[in-house]
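Let's take a friendly walk through this protein together. Have a look at the sequence and the model below, and then read on.

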Amino acid sequence: MVVDVLCARLASGVYPQGSRLPSERQLAASMQVARNTLREALDILEQKGLILRRAGAGSFVVDPDRSDNALPVVASSGPLHLHVMRGILEPEIARLAILNMSLARIEALTRITEDLGRTTDPAQFARLEEDFQQKLAEGTGNPLLVACYDLVLKARRQRHRSAMLRRLLTPDRMDELRRIHVDLLGALASGDIAAATDLVQQMLIDEQRLLMQEG
């Protein structure tokens with residue numbers, strides 16, 4: 001099983017704490033498995049708190065002995081809990097980010113938006129979306145808000161939820177989200193709080209509708 005092999009490599013120090021794992025393509029080739037199979041295994045490792053994955057940067061090994069008190073909360077949260085929290089946090093994150101975000105943060109969001117425009121892979125697209133939202137949260141300058149939103153991202157990365165979100169990312173849906181992110185980036189850069197919060201709420205409403213259809 002791919003997960004068992006990766007866990008054994010982590011435990012034996014083949015991939016030391018703090019190191020970056022080989023790319024998905026390299027890992028899949030070395031283990032002779034499909035990349036989708038490998039991604040599912042990496043999802044499980046991330047849920048176990050063994051690795052940290054960042055879009056555009058790769059997967060990094062964390063301390064397997066560290067405790068994560070958030071895991072029980074994440075595991076017990078249902079889809080409605082997740083959507084309610086996103087509805088509370090994400091519009092406010094957009095508002096505060098406009099008030100506090102540096103030019104460097106805007107440039108980082110621009111690079112992520114450009115990557116969203118290039119990728120056609122649903123899993124990579126989902127990771128880039130998460131990275132965009134995480135960078136936006138960091139742009140608020142509020143560490144408590146960042147910590148709260150980190151819980152939301154952990155809940156969103158639960159295996160069954162991340163798989164469902166990837167299924168919803170059809171080519172048409174990705175095109176729509178690309179347009180929204182471009183508009184959102186423009187609103188953030190110009191300081192248009194009303195437009196930014198409206199776009200965030202639009203994404204949430206659209207996702208809720210798609211999830212209800214999926215269910």
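What percentage of the 215 residues of the protein count as buried?

## Overall picture

In this predicted model, 46% of the 215 residues count as buried. The protein exposes about 11,000 Å², and carbon and sulfur atoms supply 56% of that area.

Eleven helices and two strands make up the secondary structure. Among contacts between residues at least 6 apart in sequence, 68% join residues at least 24 apart.

## Where H6 meets H10

Next, find helix H6 (residues 103-118) and helix H10 (residues 171-190): their axes come within 10 Å and cross at roughly 165 degrees. Angles over 145 degrees count as roughly antiparallel, and H6 and H10 are therefore roughly antiparallel to each other. Their crossing is left-handed.

On the H6 side, the contact is made by Ile-106, Leu-109, Thr-110, Thr-113, Leu-116 and Gly-117, while H10 brings Arg-178, His-181, Val-182, Leu-185, Leu-188 and Ala-189. Sorted by class, this contact has seven nonpolar, four polar and one charged residues.

## A closer look at Arg-173

Helix H10 is also the place of Arg-173. Is this arginine buried or exposed? Arg-173 has 8% relative accessibility, so it counts as buried, the cut-off being under 20%.

Which residues does Arg-173 contact, leaving aside its neighbours within four places in sequence? They are Leu-168, Met-203, Asp-206, Glu-207 and Leu-210.

How values were computed. Residues are numbered from 1 along each chain as its sequence is written. This is a predicted model: local features need pLDDT of at least 70, side-chain atom pairs count only at pLDDT 80 or more; totals for chains, interfaces and linings use all residues. Side-chain values use heavy atoms; hydrogens and water are left out. Axes are lines fitted to C-alpha atoms, for helices over the stretch in contact, and angles run from 0 to 180 degrees between N-to-C directions. Helices (H or I, at least four residues) and strands (E, at least two) are DSSP runs, numbered from the N terminus. Angles under 35 degrees count as roughly parallel, over 145 as roughly antiparallel, 65 to 115 as roughly perpendicular and the rest as oblique. A crossing is left-handed if the near helix is turned anticlockwise from the far one by less than a right angle, and right-handed if clockwise. Contact means heavy atoms within 4.5 Å. Ala, Val, Leu, Ile, Met, Phe, Trp, Tyr, Cys and Pro count as nonpolar, Asp, Glu, Lys and Arg as charged, and the others, Gly among them, as polar. Buried means under 20% relative accessible area, exposed over 50%, partly exposed in between (1.4 Å probe, protein chains only). Accessible areas come from the Shrake-Rupley method with a 1.4 Å probe; for residues, only the protein chains shown count as cover.
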